[in-house]
Each structure stands twice: as C-alpha cells, then as structure tokens.
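Work through each task with the structure open before reading its solution.

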Amino acid sequence: MHGKDYTAMAFNYDVQVCLGTLPKIKNHNLKVQIMRAFAEGAERVGAKVLVTEDRSFHNTRLAVMIGWVGMNFSGPHIYYRRDLIEHQKRIGGKIMSIDGSCFKFSHSGDMWLRYSLDSVFWNTGNYANKNSNNAHWMNISNSLNLTLDPWRTTGDHILICLQRDSGWNAKGFDQQAWLNKTVKIVRSQSQRPIRIRPHPANKLDWTKVTNNYDNVSISDSSVITLEQDLNNAWAGVFYNSSSSVAAVLAGIPVFVSDEDAVTYDVANYTTRDIENPRMPDRQQWLWDLSQAHWNIDQSRQGAIYKHFEPHLPPA
C-alpha cells in the first residue's frame, strides 16, 4: 500500500479520527472521549467524519490521533501511528496530533490539550497560533488560576529538571551525559546549590552525578511538586521539557538545550550564562502558547476543526 502514489486521489472524508492509535481503546476512556469530541465537533460544523477503531487507512484530508512516534517504540498502535503519518504524507493529507498540556503542572486532568498539524514538536508542528491575541490565555489563566509573574532577579538554588528517557520529546538523547555536562558547566560558573529533579516516572540512580560535586542534591519528585522545587530558584535548566513553562510563568529564567522546547523563544541557550540570564518579553510567546491549547468543550463545538480547516488541503 505504501509504495503507491496517492497524491492524485480524491479525498473521501474530511476527517478520520483514529482510535486505533491507542493501545487498548476500552482502557482509555478519557482519551476516547477526547477523540470522539473532536469527531462530534467536526461533524457539527459540516465536516464529513469517519471514526475508526481498527487500524485502517483512508483518503482523508485530516487524520487525528493522540500522541506521536518516538525513536524507539513497540506495539501495534505505535506502528500504526508511524504508518498513518506516512500515509497522510503520501496522499497529500494532514495529520493532527493531540498532546499533553504545557500547563499540566496546574491541573491533574486533561482540561487543556495541545493540537497541532504535521508534527508534535514545537518548532516543526503547525499549531495555527502565530501572532495570536490574548483570548486563549485569558481562558486558561482564569480556569487554572495562573498568572505571569515578573522576571525574578533573586533566588537561591539552580534547578535542573530531567525528563522521561522513553518520551518522544527526548528523541533518544543521552540524559546521563547531558546531566553530567550540564552540572559540570553550571558548577564552573556558579557556586549556588544545584538541585536535580528527576522525572517522577524515571527511577534511575542519579547519585553518580551528585557524588562528583559539592552542594548538589536530588529532589524526591514523587512527593515534592514542581512548584515547590521552583520556589526560590535562581534559574531552571531543562533539555526540552514542557515543565519549563512553569518556571517561565513564575518569572524564573530558564535554560534549554533543544530548539523544540516550547519555551525556546524566551529561554537562554548556554548555561555558561547561568549568573547573567537574559529575560526577554514573554507576552506574545504566552499568547501563542495558549492558542495551541484547547479544551474538550471547544472541541465538541467544532471550534478546533474550524480553526485548523484553512490549513487543510482543499476538499
């Protein structure tokens, strides 16, 4: 199937919502609701929609899935995601990924989620969010009780946040090597306490790093929240984790290592500047980030489909 050229074929549907991109549909009720809400909303505003539970391919302008594909993966649902992305490229259609919220540190449920075309990564995905107004930020800030605090010019420790090795955002990078290099550079530039925050799902032993340097500690992320670790921090250091959003909102200068970090536009890029971080304007960045997020009610009303429809190929 994937050796053929489908680009000249007509689209039979506007939207295919692909439940088969989930590992087991019955075990993911919330994710199924999220996907079915998008289907309901697209139909509500006039789209021709197909919801599939199998792992089939169709000629559709837009295929919708939850998640993406990492460098190392297994399971038939992940192979289906990979083949679905390739299929949509071949027929000239678009793929939509539904991904987690950058504001998840402030809510436990999937109240707000990110929707993008072509890619899940911030620097390559199309979020249809350039030069947005403040409407989405006002909705998010009100519902989650969030504020944008002034940049902070005081603080004590430097927080280094780790992430899941297996997540697609990690893109196969060597986290142990990155941490070693980062701590070495930070310590060469600053004598502030360094606190390492492992990802709660990553149970690796990081004491090999702490034993090599003075005044370096490991936070127990299973009981200590990200906000608690950020309290009185001088700076936050990340590879590309969306947790850096919490630091930026709190007014804590951030340092990131990867261009697809969602905070890249308002971040610092070399920890050699750890004692003299830049603090750029964040307003337009925050409005654009917020525009990338939608809730299930907006999805069910068709607002997401209508927002992205101009970016789809002609019917």
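**Exercise 1.** In this predicted model, find which residue forms a salt bridge with R36, and state which parts of the chain the pair ties together.

Solution. Start from the contact: R36 pairs with E53, and their closest N and O atoms are 3.1 Å apart. Finally, check the accessibility of R36: at a relative accessible area of 37%, R36 is partly exposed.

**Exercise 2.** Decide whether R61 and D14, which meet in a salt bridge, are buried or exposed.

Solution. The N to O distance of this pair is 2.9 Å. R61 belongs to strand β3 (residues 60-66) and D14 to strand β1 (residues 13-18), which puts the two residues 47 apart and links distant parts of the chain. The cut-off for buried is under 20% relative accessible area. R61 has 5% and is buried; D14 has 12% and is buried.

**Exercise 3.** State how many salt bridges are counted, and name the residues linked in a network.

Solution. The count is 13. The network of salt bridges links E40, R44, D297 and R300.

**Exercise 4.** Explain why C161 forms no disulfide.

Solution. A search of the whole structure finds zero disulfides. For C161, the closest cysteine sulfur is that of C102, 14 Å away, which is too far for a bond. The cut-off is 2.5 Å between the sulfur atoms. As for accessibility, C161 is buried at 2%, and C18 is buried at 0%.

**Exercise 5.** Give the strand order of the open sheet and identify its edge strands.

Solution. The six strands run in the order β2-β1-β3-β4-β5-β11, with mixed pairing. The edges are β2 (49-52) and β11 (293-294), each pairing on one side only. At the β11 end, two bridges join β11 to β5 (residues 113-117), and these strands run antiparallel. Within this pairing, L113 has W294 in β11 as its bridge partner.

Technical notes. Residues are numbered from 1 along each chain as its sequence is written. This is a predicted model: local features need pLDDT of at least 70, side-chain atom pairs count only at pLDDT 80 or more; totals for chains, interfaces and linings use all residues. Side-chain values use heavy atoms; hydrogens and water are left out. Two strands pair if DSSP finds at least two bridges between them. Helices (H or I, at least four residues) and strands (E, at least two) are DSSP runs, numbered from the N terminus. Buried means under 20% relative accessible area, exposed over 50%, partly exposed in between (1.4 Å probe, protein chains only). A salt bridge is a side-chain nitrogen of Lys or Arg within 4 Å of a carboxyl oxygen of Asp or Glu.
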